[in-house]
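Please read them with the structure open.

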Amino acid sequence: AGLALAARPPTGSLDMQCHHYLLDDFDAGKDKVPRHAGELVERAQTAFYIDVAHMGLGGIDSWGSKPLPQHMINPSQDYTWAFQLRPLQAGDL
């Protein structure tokens, strides 16, 4: 038993993350001190995040520049997206 998640119109696809950390565990605070995998403490709960889009992490020269324009998210663009959660039974697979 579990949950099935499906994108619904007008959404073509969704980006998701699922792990034993909160987003603040990766990059917390006003000064944004990034943490690396060896510095994180795994939590008992599972965090599941659903996003309409993910932006690229770095440019063509690693961390020295922004992602290429086609991999950027325009912060002034409006997004309309939808998804559905429904119960999933073992026999549904």
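**Notes on the predicted model**

1. Start with T11. Leaving aside residues up to four places away in sequence, T11 touches T80, W81 and A82. T11 sits in the loop between β1 and β2. T11 is buried, with a relative accessible area of 11%; the cut-off for buried is under 20%.

2. Look next at the side chain of T11. One of its polar atoms lies 2.6 Å from the backbone nitrogen of A82. A82 is also one of the residues that T11 touches.

3. Stay in that loop. The peptide bond from P9 to P10 is cis, with omega near 15°. P10 belongs to the loop between β1 (2-8) and β2 (15-19). T11 is found in the loop between β1 and β2 as well.

4. Now the salt bridge. How many does the structure hold? There is one salt bridge. It pairs the side chains of R43 and D25, at 2.7 Å from N to O. R43 lies in the loop between β4 (33-34) and β5 (47-51), and D25 lies in helix α1 (residues 23-26), so the pair ties together parts that are 18 residues apart in sequence.

5. Are the two partners buried or exposed? D25 is buried, with a relative accessible area of 13%. R43 is partly exposed, with a relative accessible area of 31%. Both values can be read against the cut-offs: under 20% for buried, over 50% for exposed, and partly exposed in between.

6. L3, Y79, W81, F83 and L85 make a nonpolar surface patch of about 490 Å². F83, another member of the patch, lies in strand β6 (residues 82-88). F83 is partly exposed, with a relative accessible area of 36%.

7. The overall layout comes next. The chain has one helix and six strands. Along the sequence, the pattern runs β-β-α-β-β-β-β. Among contacts with a separation of 6 or more, 60% are between residues 24 or more positions apart.

8. Of the 93 residues, 13% are buried. The accessible surface of the chain comes to about 7400 Å². Carbon and sulfur atoms account for 56% of that surface.

Terms used. Residues numbered from 1 in each chain as written. Predicted model: local features only at pLDDT ≥ 70, side-chain atom pairs only at ≥ 80, totals over all residues. Heavy atoms only, no water. Helix = DSSP H or I, 4+ residues; strand = E, 2+ residues; numbered from the N terminus. Buried < 20%, exposed > 50% of the residue type's maximum accessible area, 1.4 Å probe, protein only. Contact = heavy atoms within 4.5 Å. Areas by Shrake-Rupley, 256 points an atom, 1.4 Å probe, with all protein chains shown as cover. Patch = residues over 30% accessible without salt bridge, like charges linked within 9 Å, V, L, I, M, F, W, Y side chains within 5 Å. Salt bridge = Lys/Arg side-chain N within 4 Å of Asp/Glu carboxyl O. Polar contact = N/O pair within 3.5 Å; in protein donor to acceptor, adjacent residues only side chain to side chain.
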